[in-house]
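Here are a few notes to read beside the model. Keep the sequence open and find each residue as you go.

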Amino acid sequence: MKKILLTVLGFVMAPMVAIAQPDFSGSWEHDSDRSEPAPSELYRYGRLDNNPARQADLEIEQVGNTVEVYENARVLTRYAIPAVYVADGQERTVTVGNTGVTEQDMTTSWEDNKLVIEIEKPWGGMPGNVMLNTREEWMLSPDGNTLYITTQHNWPAEKVAYTLVYNRQ
């Protein structure tokens with residue numbers, strides 16, 4: 001009887017364990033040696049590239065499906081405003097930067113053990129410009145001590161992809 005009960009309990013609990021989402025909370029230091037740099041600052045969006053003067057560490061607070069990201073630039077301080085992602089699969093329109101000029105459509109969701117952020121915004125800063133589509137995939141290493149953020153930019157002229165690596169502090 002115990003074997004049957006444990007077997008049934010195992011089948012009931014297995015899906016719950018399988019759907020547990022990773023927790024990105026904590027302090028993360030940018031690992032420039034293992035990161036792929038963005039090809040140029042023109043391609044960069046939402047993360048600082050590999051230029052040592054602009055490397056940023058991350059402070060992440062995650063509660064359920066809400067992930068708040070603070071970029072702590074080592075030289076620049078203009079990235080103090082947190083990015084807030086709600087991983088519920090709903091599209092949201094958010095204002096980019098502090099000028100209020102450009103809006104972007106953003107959808108954040110979970111795909112297996114990855115946090116996926118999909119963004120569409122006008123490239124060039126003004127409405128009516130060519131649209132930039134960006135997809136970020138956030139994934140933790142099996143031990144939870146390394147964060148990989150793979151970014152792919154797609155627009156009519158070109159596709160660019162790179163991965164930034166962060167180590168848990």
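1. Start with the largest nonpolar core of this predicted model. The core has 21 residues. Phe 24, Leu 58, Ile 60, Leu 115, Trp 138 and Leu 147 touch the most other members. Strand E10 gives the largest share, four residues.

2. Now look at Leu 147. Set aside its neighbours within four places in sequence. Leu 147 is then in contact with Phe 24, Trp 28, Leu 58, Ile 60, Trp 138, Met 139, Leu 140, Leu 164, Val 165 and Tyr 166.

3. Turn to charge. Side chains of opposite charge can pair when their charged atoms come close. The whole structure holds six salt bridges.

4. One of them joins Lys 114 and Glu 137, with the closest N and O atoms 3.2 Å apart. Lys 114 lies in strand E7 and Glu 137 in strand E8, so this pair ties together parts 23 residues apart in sequence. Lys 114 is partly exposed at 26% relative accessibility, and Glu 137 is partly exposed at 23%. Both belong to a salt-bridge network that also links Glu 111, Glu 118 and Arg 135.

5. Arg 34 and Asp 31 form another salt bridge, at 2.9 Å between the closest N and O atoms. Arg 34 is partly exposed, at 42%. Asp 31 is buried, at 13%.

6. Last, check Arg 92 and Asp 88. Their side chains meet in a salt bridge, 2.8 Å from N to O. Arg 92 is partly exposed at 31%, and Asp 88 is partly exposed at 36%.

Terms used
Residues are numbered from 1 along each chain as its sequence is written. This is a predicted model: local features need pLDDT of at least 70, side-chain atom pairs count only at pLDDT 80 or more; totals for chains, interfaces and linings use all residues. Side-chain values use heavy atoms; hydrogens and water are left out. A nonpolar core is a set of buried Ala, Val, Leu, Ile, Met, Phe, Trp, Tyr and Cys residues joined through side-chain atoms within 4.5 Å. Buried means under 20% relative accessible area, exposed over 50%, partly exposed in between (1.4 Å probe, protein chains only). Helices (H or I, at least four residues) and strands (E, at least two) are DSSP runs, numbered from the N terminus. Contact means heavy atoms within 4.5 Å. A salt bridge is a side-chain nitrogen of Lys or Arg within 4 Å of a carboxyl oxygen of Asp or Glu.
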